[in-house]
Amino acid sequence: MGIHGETLTASSLGWFTEAGARSKFRGTPGPETLAWLASTRLAGRLRRYVTRQAGAARVEGRSVLPGAVAFTRTGGTLRHRARAQHAYVVAEHPD
């Protein structure tokens, strides 16, 4: 994900579930110190904000943030991966 010359690649939101963190994390402080219910609620709010409010456009079911739309206006392309042949075509939300 990120900028690769004239191509901007897709990013995604992701986080561990409590079970996943407990099985993979071996550091200090450990996963038991996290308020999991509050974390889960915050993660849901963040996902809803990005997918429903922050996006300036949508491409194939994905939200495209304003900076990415601006990048396409300057000649950049949006792709799932840097070397993917298919480039996304961005149509802005009508206001």
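The side chain of Thr-9 comes within 2.8 Å of the backbone nitrogen of Gly-2, a polar contact in the sense of a pair of N or O atoms within 3.5 Å, where one must be able to donate a hydrogen and the other to accept it, and where residues adjacent in sequence count only if both atoms are side-chain atoms. This is a predicted model, in which local features need pLDDT of at least 70 and side-chain atom pairs count only at pLDDT 80 or more, while totals for chains, interfaces and linings use all residues. Residues are numbered from 1 along each chain as its sequence is written, and side-chain values use heavy atoms, with hydrogens and water left out.

Thr-9 sits in strand β2 (residues 7–9); strands here are DSSP runs of E with at least two residues, helices are runs of H or I with at least four, and both are numbered from the N terminus. With a relative accessible area of 8%, Thr-9 is buried (buried means under 20%, exposed over 50%, and partly exposed in between, using a 1.4 Å probe and protein chains only). Setting aside neighbours within four places in sequence, Thr-9 is in contact with Met-1, Gly-2, His-4, Arg-79, His-80, Arg-81 and Ala-82, contact being heavy atoms within 4.5 Å.

Then there is the largest pocket, with a volume of about 570 Å³. A pocket is an open set of points on a 1 Å grid over the protein atoms alone, where a 1.4 Å probe fits, with protein on both sides within 12 Å along at least five of seven lines; lining residues have an atom within 4 Å of a point. The volume is the space filled by probe spheres set on the points, which are joined across faces, edges and corners. Of the 22 lining residues, Ala-10, Ser-11, Ser-63, Val-64 and Leu-65 lie nearest the centre. At least two lining residues come from each of β2, α2 (36–54), β3 (57–59), β4 (62–64) and β5 (77–79).

Val-50 belongs to helix α2 and is partly exposed, at 21% relative accessible area. Beyond neighbours within four places, Val-50 touches Leu-13, Gly-55, Ser-63 and Leu-65 by the contact rule.

As for salt bridges (a side-chain nitrogen of Lys or Arg within 4 Å of a carboxyl oxygen of Asp or Glu), the count is one. Glu-18 pairs with Arg-22, their closest N and O atoms being 2.9 Å apart.
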